[in-house]
Amino acid sequence: MAYKHLIDKDRCKGCGLCVIVCPKKVLEISNELNAKGYFPAHQARPEDCIQCAICCTMCPDVAITISEIVEAAEAQK
Ligand code: SF4
Ligand code: SF4
């Protein structure tokens with residue numbers, strides 16, 4: 001099963017909570033402003049993400065989602 005981790009950068013207010021709680025140190029605060037004028041979080045090391053969803057649970061602005069990706073081969077079953 002594959003998963004996609006997505007941060008809606010324009011919902012993010014750059015509080016940094018997700019960066020602090022990530023056990024794998026995947027997240028960092030970006031140095032580019034979003035539409036609201038905040039520096040949003042992004043996955044600096046996506047290859048290290050274990051999809052534990054702690055960041056999603058922690059985000060006060062519900063800016064992070066993890067969704068299941070249905071593989072092409074599976075979708076044909
Ligand atoms: S899902 Fe877990 S490992 Fe991945 S970025 Fe969020 S807290 Fe870090
Ligand atoms: S916890 Fe949410 S609002 Fe705060 S930096 Fe992370 S994604 Fe942005």
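This is a predicted model: local features need pLDDT of at least 70, side-chain atom pairs count only at pLDDT 80 or more; totals for chains, interfaces and linings use all residues.
Residues are numbered from 1 along each chain as its sequence is written, and chains are lettered from A and ligands numbered from 1 in the order in which they are written.

**Overall layout**

- You'll find 3 helices and 4 strands in the protein, where helices (H or I, at least four residues) and strands (E, at least two) are DSSP runs numbered from the N terminus.
- Reading from the N terminus, the order of elements is β-α-β-β-α-β-α.
- Along the principal axes, the C-alpha atoms fill a box of roughly 45 × 25 × 20 Å.
- Of the 77 residues, 16% count as buried.
- Take the contacts (C-beta atoms, placed from the backbone, within 7 Å) with a separation of 6 or more: residues 24 or more positions apart account for 62% of them.

**The two ligand shells**

- A residue counts as near a ligand if its C-beta atom, placed from the backbone, lies within 6 Å of it.
- Around ligand 1 that picks out His5, Cys22, Lys24, Val26, Leu27, Cys49, Ile50, Gln51, Cys52, Ala53, Ile54 and Cys55.
- For sorting the shells, Ala, Val, Leu, Ile, Met, Phe, Trp, Tyr, Cys and Pro are nonpolar, Asp, Glu, Lys and Arg are charged, and the others, Gly among them, are polar.
- The ligand 1 shell then splits into 9 nonpolar, 2 polar and 1 charged.
- Ligand 2 has 15 residues around it, and Cys12, Cys15, Cys18, Ala41 and Cys59 come nearest.
- Its shell divides into 11 nonpolar, 2 polar and 2 charged.

**Positive phi angles**

- Most residues other than glycine have a negative phi.
- Gln51 isn't a glycine, yet its phi is positive, at about 55°.
- Gln51 sits in the loop between β3 (41–43) and α2 (54–58), and it counts as partly exposed because it has 14 C-beta neighbours inside 10 Å.
- Val62 also isn't a glycine and has a positive phi, near 50°.

**Contacts across the sequence**

- Ala2 is part of strand β1 (residues 2–7) and is exposed, since it has 10 other C-beta atoms within 10 Å.
- Ala2 touches Ile69 and Glu71; Glu71 is 69 residues away in sequence, but the two C-alpha atoms are 7.5 Å apart.
- Tyr38, in the loop between β2 and β3, is partly exposed, with 18 other C-beta atoms within 10 Å.
- Contacts of Tyr38 are Cys12, Lys13, Gly14 and Leu33, and its C-alpha is 5.3 Å from that of Lys13, 25 residues off along the chain.
- Lys36 lies in the loop between β2 (27–29) and β3 and is exposed, given 12 C-beta neighbours inside 10 Å.
- Lys36 is in contact with Asp10 and Lys13; as for Lys9, 27 residues away in sequence, the C-alpha to C-alpha distance is 9.5 Å.
- Lys24, listed above around ligand 1, is in the loop between α1 (17–21) and β2.
- Lys24 is exposed because it has 12 other C-beta atoms within 10 Å, and its contacts are Asp48, Cys49 and Ile50.
- From Lys24 to Ile66, 42 residues along the chain, the C-alpha separation is 16 Å.

Conventions
A residue is buried if 20 or more other C-beta atoms lie within 10 Å of its own, exposed if 12 or fewer, and partly exposed in between; C-beta atoms are placed from the backbone. Two residues are in contact if their C-beta atoms, placed from the backbone, lie within 7 Å. Lists of a residue's contacts leave out its neighbours within four places in sequence.
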